[in-house]
Amino acid sequence: MIDKVIKGKLRSTTGVFFGSGQSNEYKDSIFFRDSQNNIIIPGSSIAGVLRAYIARISPYITEDSCVQLVEGQKDEFCNCKVCQMFGSINTRPDQESMPSKVWVYHATPITRCKAFLRDGITIDRESESSFRESKAKFNFEVIPKNTIFDLHIELEKGLNKEQEILLCSALSEWEKGRCFLGGLHSRGLGNFVLEDLNIYELDISDSNKLLKVLNRNSVLIRKNEFLQEKLKEGLKIINEKHQIIQKGTYHSFFQFDFNINFDSGVIVNNFKNNVRYSYDFFPITENGEFIIPGSSLRGVLRSHAEKIAKTIVNENCENLEDFLRICPACNPGGVSEKIPLT
Ligand SMILES: [Zn+2]
Ligand SMILES: [Zn+2]
């Protein structure tokens with residue numbers, strides 16, 4: 001029996017890549033779609049991200065920690081609070097498997113949603129141009145920033161207080177913009193913020209209310225204070241426990257937010273449109289806006305780090321052979337990754 005319904009909107013704050021594992025003549029990796037060819041984010045993926053986060057904070061709130069966090073024990077049967085919520089992963093023949101109490105539906109875009117093609121290119125460090133070999137160039141479909149998806153989660157009756165706290169802390173993280181779905185996070189893709197979050201309680205405490213549910217009249221009661229209550233309870237538990245941080249649990253991280261001001265013109269080239277419009281350079285746009293892909297920024301950071309590393313090593317080298325032997329930076333995408341930069 002469904003007890004609570006969670007509804008919200010997931011808005012992408014970066015491009016999003018969700019590989020379907022399929023490709024065609026023009027695209028190396030196609031965005032996930034349903035059987036009618038509509039772009040969707042599969043519910044199982046959202047549930048997986050939710051579960052992974054909850055498993056990592058669970059040791060702070062509950063007494064147990066999931067075997068999924070322990071290297072070498074991942075294949076063992078687990079009966080922790082998280083596996084009780086999301087269903088058991090590894091079932092033994094002599095044990096009944098636990099069904100999930102958290103139902104996550106496919107997230108569908110609520111606005112028109114168009115996928116764009118992005119190129120992944122490795123820049124040759126010697127010539128500072130892109131590698132011609134096909135192995136260094138691949139493209140993938142990306143959903144642009146500010147695409148809004150409908151989030152719909154249903155909770156079965158029977159989650160205990162600790163499990164409700166865990167779920168609410170995950171939702172609260174998502175509300176703060178720390179929701180990552182899909183692939184290629186290191187290229188700056190897949191960041192979402194959860195907006196318009198509403199938690200409803202399904203009230204069928206008497207026969208009249210039950211009749212209304214069966215007649216599909218809404219008897220959902222908004223329960224937004226529920227989230228705040230649970231977060232308070234969670235903080236209280238953490239403060240009381242003063243638990244030592246265990247391996248595999250949720251750690252803090254840094255986030256840098258900054259603006260870049262260019263004092264000259266800038267272009268990030270879109271290879272596909274060069275051919276289409278026969279320009280030498282054509283700036284990359286998505287949804288009518290100019291973008292600088294995260295992969296470009298990441299590439300600049302990486303090559304700068306390589307230069308610094310080489311300079312430091314250079315100080316301690318006697319001759320060229322010495323340098324090549326201990327060079328700390330390779331030429332990624334080159335003939336061999338092991339061949340150092342000169
Ligand atoms: Zn578990
Ligand atoms: Zn390397």
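Select phenylalanine 192 first: with a relative accessibility of 0%, this residue is buried (under 20% relative accessible area with a 1.4 Å probe, protein chains only; exposed is over 50%, partly exposed in between). The model is predicted, so local features need pLDDT of at least 70 and side-chain atom pairs pLDDT 80 or more, whereas totals for chains, interfaces and linings use all residues. Residues are numbered from 1 along each chain as its sequence is written, chains are lettered from A and ligands numbered from 1 in the order written, and side-chain values use heavy atoms, without hydrogens and water.

Phenylalanine 149 belongs to strand E5 (residues 148-156) and phenylalanine 192 to strand E7 (residues 191-202), so the pair ties together parts 43 residues apart in sequence (strands, E, are DSSP runs of at least two residues and helices, H or I, of at least four, numbered from the N terminus).

Then move to the zinc ion (ligand 1). Its protein donors are Cys66 (SG), Cys78 (SG), Cys80 (SG) and Cys83 (SG), 2.2 to 2.4 Å away (donors are N, O and S atoms within 2.8 Å of the metal, or 3.2 Å for Na, K and Ca; water is not among the atoms, so sites may look incomplete). Cysteine 66 is buried at 2% relative accessible area, and cysteine 80 is buried at 3%.
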